[in-house]
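Let's take a walk through this model together, from its pockets to its strands and on to a pair of loops. Have the 3D view open as you read.

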Amino acid sequence: MRKVLCSPGSYIQQEGAMGQLAKEYSAIGSVGAYVLVDPTIDELYHDEIVSSFEQDHVSYQLVKFGGECSMEEVERNRKNLGQADAVIGIGGGKTLDTAKAVAHFAHLPVIIVPTAASSDAPCSRLAVLYTPEGVFDKYLPLPANPNVVIMDTDIIAKAPVRFLVSGLGDAFATYYEAAACVQSNATTMTGGHATNAAFALAKLCHDTLLEDGVKAVAAAKAGVRTAALENIIETNTLLSGLGFESSGLAAAHSIHDGMTALEGTHKMLHGEKVAYGTLAQLVLEDRPLEEVKEVYSFFRQVGLPTSLAEIGIADATDEDLLKVGEHACGSDETMGNMPFEVTPVDVAHALRAADALGKAL
């Protein structure tokens, strides 16, 4: 049996890391860096981003992200690379996925610099593509993980707390989806089966979230770095990233993808939708009541959604939820990694039941 564990070349987590980008770039490139930055992040941290390049006289081209991780945006940036010999993505998940995809198609190394601990995407060899209108398009598997992932904890501590909470939601799915994949002996996106190490990381991810999640959110609300926040930054990004990629995805992320078909969810962050997908997966699996209570309680404590209203589809009809189910059970989705058959009707019913459970609990 083929078992595969993938990881980024280096994971760096420290305060002030944004001011050392030129040094990190110089380890993998020499001609010039193509720096793709979220426009809001450029407004807030432009000086920090460019300071080391200016001081060290390292060539760079700074370009603002266009707003959606679509093939159109990927192609626009690929054509704009010039002589750059490495790509640096700075910002949120869609900016980072675009940077990874651009580097892939241009056969260049890539440095990923998240400015919030909002998802587990930074460490993965995967980009999620959407249409220009924001509807899920497809997963883009990549041949390698990022060369470097850099987490500046000073910046992340000051990011909107909602981003950190979204990261908790994304990370919370990791263990449950990994467990489903291990049970079904699914093939992961690495092209192999889960290693014991990957599943252990997924379990550690779950345990750390429950231990430090509430404390980390409190620290983030105060805009300060604490041991709990440091632990959750690592959990949301590295543990969840390695855990999901090398253990596998299942119902929660499929349901997230399905929910993008409903316009009301477009204002929600990735991890918020994944969190509700996790609640639906718990319903599909008929998890024990005490475990379900623990999850709902944790979600409420940190501010994750536990109702259809909280993910923007309070008025969703049965037909709407069936549409979500049809997307979630599509042939390109990971619903097939569940250890039992799941139909679109099952998904629709689970989404409605998760909402009812939220009210009952």
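Seven nonpolar residues, three polar and one charged make up the lining of the second largest pocket. Here Ala, Val, Leu, Ile, Met, Phe, Trp, Tyr, Cys and Pro count as nonpolar, Asp, Glu, Lys and Arg as charged, and the others, Gly among them, as polar. A pocket is an open set of points on a 1 Å grid over the protein atoms alone where a 1.4 Å probe fits, with protein on both sides within 12 Å along at least five of seven lines; lining residues have an atom within 4 Å of a point. This pocket has a volume of about 150 Å³, the space filled by probe spheres set on the points, which are joined across faces, edges and corners. Helix H4 gives the largest share of its lining, three residues, and Val110 is among the lining residues too.

A word on the model: it is predicted, so local features need pLDDT of at least 70 and side-chain atom pairs count only at pLDDT 80 or more, while totals for chains, interfaces and linings use all residues. Residues are numbered from 1 along each chain as its sequence is written, and side-chain values use heavy atoms, leaving out hydrogens and water.

Now to the largest pocket, with about 960 Å³ of space. It is lined by 46 residues, and Gly92, Gly93, Lys94, Ser118 and Leu269 are the closest to its centre.

Val110 leads us on to strand E5 (residues 110–114), where five of five residues are buried, meaning under 20% relative accessible area. Helices (H or I, at least four residues) and strands (E, at least two) are DSSP runs, numbered from the N terminus. Val110, Ile112 and Pro114 are buried on one side of E5, and Ile111 and Val113 on the other. In a regular strand the side chains alternate between the two faces of the sheet.

What joins E5 to its neighbours? Strand E4 (residues 86–91) runs parallel to E5, joined by five bridges, and strand E8 (residues 148–152) is also parallel, with two bridges to E5; strands pair if DSSP finds at least two bridges between them. Gly89 stands opposite Ile112, and Ile111 opposite Val148.

Finally, visit His57, in the loop between helix H2 (39–55) and strand E3 (60–64). It is not a glycine, yet its phi is positive, about 55°. Is His57 buried or exposed? His57 is exposed, at 73% relative accessibility, where exposed means over 50%.

Technical notes
Buried < 20%, exposed > 50% of the residue type's maximum accessible area, 1.4 Å probe, protein only.
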